[in-house]
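Please walk through this model with me, one region at a time. Keep the sequence and the coordinates open as you read.

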Amino acid sequence: MVNSRHILAFFCFVGLQWLPVGQNEANAETIERIAAIAGDDIITLNDVRNDGVMRYLVKGKDLHDIDDSPKRSEELEEIVKELVQAKLIARQAKKNNIYVGDREVDAQLKEMFSRAGQSEESFKAMMAQEGIDWQAYRAYLRSEIEAQFVIRSELAGQVAPAEADVIACAQELAPDAKDGVTVTLRQIIIPEIDADSQAGLAAPMARAFNGVWWNSLDSSMKRYAQGVQEIAARNPDKFVDFVKQFSTGRSAEREGVLGSFSPGDLSKDFSSVFALQKGDVSALIETAAGYHIIRVDDVVHGESSAWKATMDQCREQIAMKESQRLVVSWLNDLMEKNFVSILVNEDLSK
């Protein structure tokens, strides 16, 4: 929890002080010390106080982290560097005629509320609890959105992961996933007889009171399904006709079409179909839904769905790293062109 003591400690650390001008200290005018110079722009310690503290709090860090850090000079300089970059990006946005208004900020906030599962009121309350002024946060968010627009316009089309790098990444993550098979299936389904409708009793009772009859019925249905399977296996080219004659359920309305599948897409009951060739009819497959007879309409050998998913994952990861590298490089070039000087750790009394 950030409180006023934390903020005061931070101000003391960065050397926030007012230099008197004139002889009358009580009524003296003051000027503020300079933290950085970026071309024609000056970053003051007041900017650090107003904007830098905001950026630090948004990162979820406690101000004492700087005060107690063995690298406090570097961390402070990094905050000032962010402010310099924000100034330079704002100048570039103006040059590129990029403007971010309340509408864009509101849209971003709405998305943030949705992701966090919070209302605007609860989000504001959380920010207030952390000592973050709401209007200051909106200004910070606006600058971040503006920065994204500028960077996209400057670096558009430069991120293109090399396919060789993507493949190497995928082979490392999923070495056995590349080769795969996709089968397109069609089925005849013959449902099991419902005990309630046949015996007027719940299934366990039906079996208990008339086990012989029930077993006989089971056997009859299975023999019936096996008979259909034998006919379909002998005449695979007439499979659609057999679907219309024997099959039930939703797939029957689509002439038995189930769709295209790779290993892992179907339950293990159907694993045998991936060993079949185009035009083959499967043996009888029994599930809780009934008896299935499958015909393989097509077989495509190639990259598996798991390999494609891994490739997409690697492509995204590499693109992200490349984007980050380009952004850092572009920002460094921008700072170099504008003759930036970070002075926050200098002895400014001179």
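Helix α7 gives the most to the lining of the second largest pocket, with 6 residues. This is a predicted model. The volume of this second largest pocket is about 270 Å³. Its lining counts 16 residues, and Asp51, Arg55, Leu83, Ala86 and Ser143 lie nearest the centre. Two or more lining residues come from each of α2 (45–58), α4 and α7. By class, the lining of the second largest pocket divides into 8 nonpolar, 2 polar and 6 charged residues.

Now turn to the largest pocket. Its volume is about 550 Å³. It is lined by 22 residues, and the closest to its centre are Glu144, Ala147, Gln148, Ile151 and Val327. The elements that give two or more residues here are α4 (72–95), α7 (134–155) and α14 (305–337). Which element gives the most to the lining of the largest pocket? It is α7, with 9 residues. The lining of the largest pocket holds 11 nonpolar, 5 polar and 6 charged residues.

Follow α14 next. This helix has 33 residues. From first C-alpha to last it reaches 47 Å, close to the 48 Å expected at 1.5 Å a residue. Which residues of α14 are buried? They are Trp307, Thr310, Met311, Cys314, Leu326, Trp330, Leu331, Leu334 and Met335. Their cover includes the helices α4, α7 and α8 (163–173), and also the strands β8 (290–303) and β9 (340–342).

Arg325 pairs with Glu322, and their closest N and O atoms are 2.7 Å apart. The two residues are 3 residues apart in α14, so about one helical turn separates them. The general rule is that an α-helix has 3.6 residues a turn, so residues three or four places apart point the same way. Arg325 is partly exposed, at 47% relative accessible area. Glu322 is partly exposed too, at 26%.

After α14 comes Phe339, with a positive phi. Its place is in the loop between α14 and β9. Phi of Phe339 is near 55°, a positive value in a residue other than glycine. Is Phe339 buried or exposed? Phe339 is exposed, with a relative accessible area of 69%. Asn97 also has a positive phi in a residue other than glycine, near 60°. This residue sits in the loop between α4 and α5. Asn97 counts as exposed because its relative accessibility is 72%, and the cut-off for exposed is over 50%.

Move on to α5. Arg115 and Glu111 meet there in a salt bridge, 2.5 Å from N to O. Both residues lie in α5 (residues 102–116), 4 residues apart, about one turn of the helix. Arg115 is exposed, with a relative accessible area of 69%. Glu111 is partly exposed, at 36%.

The pair Glu255 and Lys244 is set up in another way. What does this pair tie together? Their side chains meet in a salt bridge, 3.7 Å from N to O. Glu255 lies in the loop between α13 (250–253) and β6 (257–261), while Lys244 lies in α12 (residues 239–246), so the pair ties together parts that are 11 residues apart in sequence. Glu255 is partly exposed, with a relative accessible area of 35%. Lys244 is exposed, at 58%.

Finally, step back to the whole chain. A search of the whole structure finds 13 salt bridges. The protein chain has 14 helices and 9 strands. Of its 350 residues, 35% are buried. Among contacts with a separation of 6 or more, 73% are between residues 24 or more positions apart.

Note on methods. Residues numbered from 1 in each chain as written. Predicted model: local features only at pLDDT ≥ 70, side-chain atom pairs only at ≥ 80, totals over all residues. Heavy atoms only, no water. 1 Å grid on protein atoms, 1.4 Å probe; cavity = no way out; pocket = protein on both sides within 12 Å on 5 of 7 lines; lining within 4 Å. Points joined across faces, edges and corners; volume = space filled by probe spheres on them. Nonpolar A, V, L, I, M, F, W, Y, C, P; charged D, E, K, R; others polar. Expected span 1.5 Å × (residues − 1). Buried < 20%, exposed > 50% of the residue type's maximum accessible area, 1.4 Å probe, protein only. Contact = heavy atoms within 4.5 Å. Salt bridge = Lys/Arg side-chain N within 4 Å of Asp/Glu carboxyl O.
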